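Biologist: I'm new to this one. Could you walk me through it?

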Amino acid sequence: MNYQETLTYLYNSAPLFQQIGKDAYKEGLENTYALDDYFGHPHTRFHTIHVAGTNGKGSCSHTLAAILQAAGYRTGLYTSPHLTDFRERIRVDGQPVEEDYVVGFVEKHRHFFEPLHPSFFELTTAMAFAYFAERKVDVAVVEVGLGGRLDCTNIIRPDLCVITNISFDHVQFLGDTLAKIAAEKAGIIKTGVPVVVGETTPETRPVFLRKAEEMKAPVFFAEEERPLQETGHDAEGNYLYQTTRYRNLQGELRGLCQEKNTNTILTALQILIRSGYHIGDADVRKGFAHVCEMTGLRGRWQKLGDRPAVVCDTGHNVGGISYIVEQLRLQKYDTLRIVIGMVNDKDISGVLSMLPKNARYYFTQASVRRALDADKVRELASAYGLEGDSYPDVEKAYRAALGEAGPDDFIFVGGSSFIVADLLSLNK
């Protein structure tokens, strides 16, 4: 099989959660342990940092990886979902796993994993850990796929756990209260391993305290540590952070949510440095300023054009959209045009109720089976005073917005990671 044939095989034999949703989810770690035994426990051959949370874990994971790379560590990075190419999920020093490795992995090991019927994520996690061990990484930043307690990344014993925040998402798996969701995320906390919690609420904080006490794990709340003191911007619009250790720390990522993420990252760095990681000030500055170039991160308030301004963002739940709505409010434009679509297992009404009514909407759907029909999105949106037309795919919606936009308009594309993925596929 060639690379594309191998991907087709993987998607068909181990269904992709981002395509079909809950039917691809497998609870429990039996397959994970079986795969780990078969591959000889590869995750024990390198250091790890484990990152969970509802929102922000991708930005935090990529930024930590960029800083570690700058510090000279051979760094693995495992994230999900991918936007335009499967290989984005597994990187070493920012470079995606080679196509030949993916092909060879499947051909060599399918005799073992086919009878197990693993989920796509179970198989991909095994591939990532095997790849990192083979490439002799020093440390891997491992992003949780879903939840934490039963996520198949949770077999690692990391040097540090990071939980960014808790809001409502994947409630069908993780629970219908913030406390229940926090308990699932807190499942990554290990005995004696320090944990950094980025944001808490009165409902979630006691959950983290109880779990940390149970595991005798030192817990650090970024909101209390407060390494980030002030935020501003440079002439190009990048963040300039004033922190307890770094003055004028430039941040490449521009979303409003990055202020909270930065506080979390800086707190995590304090713990890593204290525990023996050799990370200099110049390494931190380089990682923050060049995270996209160094790790391939895309889709976080990513600017794609000027006159009209075009920005996309992968925020897709109430917690993420709240930042986007506030950032849209701060923009200057003649007309705000929003290309939006959602998947069918999110809090659609919660998101739609937050969106600005003074915008022209282009309702669409991503090229995944979970995508909510564009006409249905438009119908639901009309109840919240959001007006516009529906389009059968992202390209048609985006082209329509571009065609109607004046040079001083602002086009935002989002609502789902998969909407952004389809958009970025147009600009490859």
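**Charges and salt bridges**

Modeller: The protein carries 46 positive and 55 negative side chains, and the centres of the two sets are 2 Å apart. Here Lys and Arg count as positive, Asp and Glu as negative, with His and the chain ends left out; each charge is placed at NZ of Lys, CZ of Arg, CG of Asp or CD of Glu. It's a predicted model, so local features need pLDDT of at least 70 and side-chain atom pairs pLDDT 80 or more, while totals for chains, interfaces and linings use all residues. Residues are numbered from 1 along each chain as its sequence is written, and side-chain values use heavy atoms, without hydrogens and water.

Biologist: How many salt bridges does the structure hold?

Modeller: We call it a salt bridge when a side-chain nitrogen of Lys or Arg is within 4 Å of a carboxyl oxygen of Asp or Glu. One of them joins D393 and K396, with the closest N and O atoms 3.2 Å apart. The structure's total is 21.

Biologist: Which residue forms a salt bridge with R205?

Modeller: The closest N and O atoms of this pair are 2.7 Å apart, and the partner of R205 is E224. The pair links distant parts of the chain, 19 residues apart, with R205 in helix α9 and its partner in helix α10. Helices here are DSSP runs (H or I, at least four residues), numbered from the N terminus.

Biologist: Is E214 buried or exposed?

Modeller: Buried means under 20% relative accessible area, exposed over 50%, partly exposed in between (1.4 Å probe, protein chains only). E214 has 54% relative accessibility, so E214 counts as exposed.

Methods
Helices (H or I, at least four residues) and strands (E, at least two) are DSSP runs, numbered from the N terminus.
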